[in-house]
Amino acid sequence: MSDASFIEIDHVTFGYDSRRTILNDLSLQFARGKVTAVLGGSGCGKTTLLRLIGGVHAANDGRVIFDGETVDVRNKAQLLRLRRRLGMLFQFGALFTDLNVFDNVAFPLREMSDLPEALIRDIVLMKLHAVGLRGAAGLKISEVSGGMARRIALARAIALDPELIMYDEPFAGLDLVSMGVTAKLIRTLTDVTGATALLISHDIPQCMEISDWVVLLATGGRVVAQGTPEQLMSSEDPEVRQFVRGEPDGPVAFHYPAPALEDDFGVGAGA
């Protein structure tokens, strides 16, 4: 693994069952202290990739390497230690609706540290201040907007000062202003903390604006292209162009693989 890499995906193959392979012999490296965006259509394995890095699932073949250590889902002590070093921003936030804003952010600190409550209070208020929501600490989750909820979830994700932050569709369902605020926060947090950021998204403009490196995946976990945002946006490869420009026609098929029409419906039978 390169000294500059924090996460390495080493010839990883994974499928949830024997009928469909989600990732097939995938190899990638994610640079330390950089924002890497992984783009691709639905079902290409983007969220599965995050789950493998987090040790939720084990690869069927190959290795996931976290800062030099091969992730072993059977080693619970290792998983706990590694997970303390990562933060996760789930799609749509996944906040606890029965806890207020303050207690949502405090949750990982109370669960995964022995810090005194007075210090937890200071940390929570500091993290909320970083996302512009210190004044919302006492609000219920039902009282905040979608954009605020995403920022609260981000404050919770950085509560333990993680070295790796994984963002699963951080822009989904947000208005343009909230989307811009969230994108700026991701870039700023990476620059200020030196954390490694792995960003899964369908939002091309925001990802291209804040990312240092971009990976484009296709169905089956195939790497179509990777490079700087400028390199992908200027690519003349038909598959890359179709995806980054949102063109309806091109190499990316509209239909999921299926039998011929005559096989399913008997079209032309008896003719």
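In the predicted model, Val214 has Gly227 of strand β10 as its bridge partner. Strand β9, residues 213-218, is joined to β10 by 5 bridges, and the two strands run antiparallel. Helix α5, formed by residues 146-157, packs on the sheet and touches β6 and β7. The direction of helix α5 makes about 170° with that of β6.

The sheet that holds β9 and β10 is open and consists of 6 strands in the order β6-β7-β8-β3-β9-β10. Its pairing is mixed. At the edges stand β6 (86-89) and β10 (222-227), each of which pairs on one side only. On average, neighbouring strands of this sheet are turned by 15° against each other, with direction ignored.

Strand β7 contains Asp168. The side chain of Asp168 makes a polar contact of 3.3 Å with the side chain of Thr47. Asp168 is buried but has no salt bridge. The nearest side chain of opposite charge belongs to Arg51, at a distance of 6.1 Å, whereas a salt bridge requires a side-chain nitrogen of Lys or Arg within 4 Å of a carboxyl oxygen of Asp or Glu. When residues up to four places away in sequence are not counted, Asp168 touches Thr47, Leu50, Met88, Leu89, Phe90, Gln91 and Ile200.

A further open sheet is made of 4 strands in the order β2-β1-β4-β5, with antiparallel pairing. Strands β2 and β5 are at the edges and have a single partner strand each, so one side of each is left without a neighbour in the sheet. Between β4 and β5, which run antiparallel, there are 2 bridges. In β5, Glu69 is the bridge partner of Phe66. Helix α1 also lies across β1 (5-14), β2 and β4. With β2, helix α1 makes an angle of about 70°.

Two aspartates have positive phi values. Asp25, in strand β2 (residues 23-31), has phi near 55°, a positive value in a residue other than glycine. Its relative accessibility is 45%, so Asp25 counts as partly exposed; the partly exposed class lies between the buried limit of under 20% and the exposed limit of over 50%. For Asp67, phi is near 50°, again a positive value in a residue other than glycine. Asp67 is located in the loop between β4 (61-66) and β5 (69-70). With a relative accessible area of 27%, Asp67 is also partly exposed.

Thr188 belongs to helix α6, which spans residues 176-193. Thr188 is partly exposed, at a relative accessible area of 36%. The C-alpha atoms of Thr188 and Ile210 are 9.3 Å apart in space, and the two residues are 22 residues apart in sequence.

How values were computed:
Residues numbered from 1 in each chain as written. Predicted model: local features only at pLDDT ≥ 70, side-chain atom pairs only at ≥ 80, totals over all residues. Heavy atoms only, no water. Buried < 20%, exposed > 50% of the residue type's maximum accessible area, 1.4 Å probe, protein only. Pairing = 2+ DSSP bridges. Axes fitted to C-alpha atoms, helices over the stretch in contact; angles between N-to-C directions. Contact = heavy atoms within 4.5 Å. Lys, Arg positive; Asp, Glu negative; His and termini not counted. Polar contact = N/O pair within 3.5 Å; in protein donor to acceptor, adjacent residues only side chain to side chain.
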